[in-house]
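User: I would like a close look at one part of this model. Please take me through it step by step.
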Amino acid sequence: MANEVQTITVKVRRADPDVNGGEATYQSYSVPLEPGSTVLSVLRHITENIDRTLSYYRSCRIGKCAGCRMVINGKTRLACTTAVTGDITLEPLPGYPLIKDLVVDLSAERGV
Amino acid sequence: MSTLEKTADEIVITDVLIVGSEGAGARAALEASKRCKSVVVATKGVVGKSGATLTADADIDIDSRSAAELFGLPGDMNDSPEKFADDMCKEGEYLNNQRLVTIHCDEAPMRLKELVDWGARIDKLTHAPGHTYPRGVWVPGTEFARVLTKELKKRDNIKLFEHMMITDLLTANGCVVGAAGIEITTGKFFVIKAKAVIFCTGGAMRIYPHTTAPDELSGDGLAMAYRVGAKLIDMEFPMFLPYTLIKPDSLNGVDFSYLLSAYVQAQALNRHGERYMAKYDPERLEHSTRDVNSIAAMVEVLDGKGSPAGGTYLSLKHLPDNLIDFSAEWFPSNISHWRYGGFNMQDYLPDLHTQAMETSPASHFWNGGVQIDEFCQTGIDGFYACGEGTGSIHGANRVSGNALTMTQVWGPRAGIYASEYANGADSGNIDLDQVAAIKERLHAPLQRDAGVDPIALRKRIQDVAWNYVGVVREEKGLLKGLEEIKAIRSQLDQVYVSNKAKRFNHEWVEALQLENMLDVMEMVAEASLVRKESRGALYRRDFPKTDNINWVKNVVVQQDEGKIATSVHDVELDKYQPTREIREYGSKE
Ligand SMILES: Cc1cc2nc3c(=O)[nH]c(=O)nc-3n(C[C@H](O)[C@H](O)[C@H](O)COP(=O)(O)OP(=O)(O)OC[C@H]3O[C@@H](n4cnc5c(N)ncnc54)[C@H](O)[C@@H]3O)c2cc1C
Ligand code: FES
């Protein structure tokens, strides 16, 4: 049985308010698709093995804190519980001040 | 401009600084805000979106009679705070401080009542193992987070600093006078001057590669307390939960499989297909205690009988297909229909009709920690602690549901007594040399152009913790672990962060956590080496008996002239007394 590792393209919207006036660019990463991959495990793979400068927030990893909410292929989802099966585009949650890349200031939401 | 203003990017001045914002931290802040002019809460993550509290599944204990009287739940009127205390001491194998246990059980009902008055929705009452009566009032962790965050926001004199990683306590003349840290969102170096500091920083579960707890719980508070000379007690008792997923990697530590094993008769198998629990607890098998299940799995793995991922198998294959399918319908709401947290588990698990899950014990809770007295004092003026990461309350192990109780009882107490202290204290002087040295240390990994990779080093720390200071310990392994710790420590001053951006630099955060993880692991290893028996959450393979004749004692760890020192202390036993005997580990009196 051929055991070829499938790779996917992960396109991420990146911006750092300290750099280039916060101008956003899209960056693509090629990531191996492991069985059971989630958006969070893919992000972890990128920051550990490909690009240490990419920023995202996460805490619980089990869909409870909602700290990892982002826009995944155009829809607002939790990174940690969204299964990955093919190419994905990741963007920060709209409507909140951007801190960097996929991290936004969630404090506006306190008390919900 | 004074040197402090030149050294620190930001200076904050407050009466009370609370580090950690969740179950314990939020409660401490709410009490402090009633008593002090200014309260600062600094948290490494986001308020209500970090820490273990919100992940709880979640029962919170109060005595059964109070559950009936205060909330109309079907509690048992024969129960009392004393009987609850008795069960705590039994489960803690009599290492608990009984004065603290009494306060804990007496104050629990009133504190839960406050939470309910603030709007927390409570559900059923559960009867978990270790409790003589049903005491677990069901309040999901997310409900704690929702209510406490809402209350925190209402108080004008509480200022919240999110993404603020506190890295050091500041001291002057032997007193704690504030703390320093990095604001992760900006990379700014903060100095927070405070008359009193309360640590509510949770456990250190992340020193292990397998854990049910969130990533940020790397034992920072435990290590910082240690480095200013505080005493830490019962550090040899990190608790492990059996049967958590080890595959797929993305769900490492998820406890769905453990929860499932409580409702259907799952079989734990080693690589030879043996139902190995028959050797460890022939009567109860997989329904043995969490400790025995964890230890058994790890012994199998260490003896070369594990699964490819380094766990054991948990199988439902012996059950009829239609039974498996039906079970998902009647499972309790937190795992019903193969849903768990936000997961559809069917996306991640193999077909359970034909295949087994690969599971492993995972680090779940920190029984020991900073030694506190009934006023949450640590022995260092101006320094208080509460919640997970403090010792003295649970002893060698805790009963189910009692971690949340700990946050709700001891958070408020810390808030009250730290405020009283702050109101009578002058602002201490900040030692400028100390601040400058901290700043230099924190920034050094960013300034190096080459060196040791912090993520590789973190993984190595976790492997050492798992292999030598993990679920099953023995002298040979502990000594090897200590050697490894020494070797890793010698690399700390070469750690280099390749990402030079100041803003939300997680590689830098990883680098700053390394020393904390290492300090905590060293404390666990040293304390475990001292205890020549097995008890509660500690299993020593070379001393497999529980020795109630010689070892009803606490091991205390403290830094002395830069070196780790351990000491052994008799427990002041009061109302609750162990039987003085030596018995098999895991066989309760
Ligand atoms: C999956 C899971 C399920 C559980 N289920 C239950 C249950 O059903 N019943 C029960 O009683 N217990 C349960 N527990 C245990 C219980 O949830 C915890 O013991 C308890 O919530 C701890 O609360 P805490 O406030 O002490 O710490 P945490 O909630 O862990 O909060 C720690 C805080 O400290 C902050 N922090 C950490 N380091 C720093 C730093 N360097 N600088 C600034 N801030 C810092 C974090 O950001 C966080 O805000 C469970 C635990 C887990 C992991
Ligand atoms: S990390 Fe908490 S919801 Fe995703």
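Where in chain B is B:Ala58 found?

Analyst: B:Ala58 is found in the loop between β2 (39-42) and β3 (59-61) of chain B. Helices (H or I, at least four residues) and strands (E, at least two) are DSSP runs, numbered from the N terminus. The peptide bond from B:Asp57 to B:Ala58 is cis, with omega near 5°. Most peptide bonds are trans, and most residues other than glycine have a negative phi.

Some ground rules come next. This is a predicted model, in which local features need pLDDT of at least 70 and side-chain atom pairs count only at pLDDT 80 or more, while totals for chains, interfaces and linings use all residues. Residues are numbered from 1 along each chain as its sequence is written, chains are lettered from A and ligands numbered from 1 in the order in which they are written, and side-chain values use heavy atoms, leaving out hydrogens and water.

Chain B has a cis bond at a proline too. A cis peptide bond joins B:Lys247 and B:Pro248, with omega about -5°. B:Pro248 sits in the loop between β11 and α8 (256-261) of chain B.

Now turn to phi. B:Leu285 is not a glycine, yet its phi is positive, about 45°. B:Leu285 lies in the loop between α9 (277-280) and α10 of chain B. B:Trp338 is not a glycine either, and its phi is positive at about 60°. B:Trp338 belongs to the loop between α11 (321-330) and β14 (339-340) of chain B.

Next, the domains. Chain B is divided into domain 1 (240-363) and domain 2 (432-575); these bounds come from an automatic or database domain assignment. The contact (heavy atoms within 4.5 Å) takes 10 residues from domain 1 of chain B and 9 residues from domain 2 of chain B. The centres of the two domains, taken over C-alpha atoms, are 30 Å apart.

How much area is hidden there? Domain 1 and domain 2 of chain B bury about 870 Å² between them, 72% of it on carbon and sulfur atoms. Buried area is the accessible area (1.4 Å probe) that two parts lose on being put together, summed over both. B:Phe240, B:Ile295 and B:Met298 supply 54% of the area that domain 1 of chain B buries against domain 2 of chain B, more than any other three residues.

A salt bridge is a side-chain nitrogen of Lys or Arg within 4 Å of a carboxyl oxygen of Asp or Glu. The side chains of B:Arg541 and B:Asp303 meet in a salt bridge (3.0 Å, N to O). On the side of domain 1 of chain B that touches domain 2 of chain B, α10 (290-302) and β16 (357-366) of chain B give two or more residues each. The largest share of that side, 6 residues, comes from α10(B).

Finally, the rings. The whole structure holds 15 aromatic pairs over all chains. Rings of Phe, Tyr and Trp (its six-membered ring) pair if their centres lie within 6.5 Å; planes under 30 degrees apart count as stacked, over 60 as edge-to-face and the rest as tilted. B:Tyr208 and B:Phe240 form an edge-to-face pair, 5.1 Å centre to centre with 70° between the planes. This pair links distant parts of the chain, 32 residues apart. B:Tyr208 is in the loop between β9 (188-199) and α7 (220-227) of chain B, and B:Phe240 is in strand β11 (residues 238-245) of chain B.
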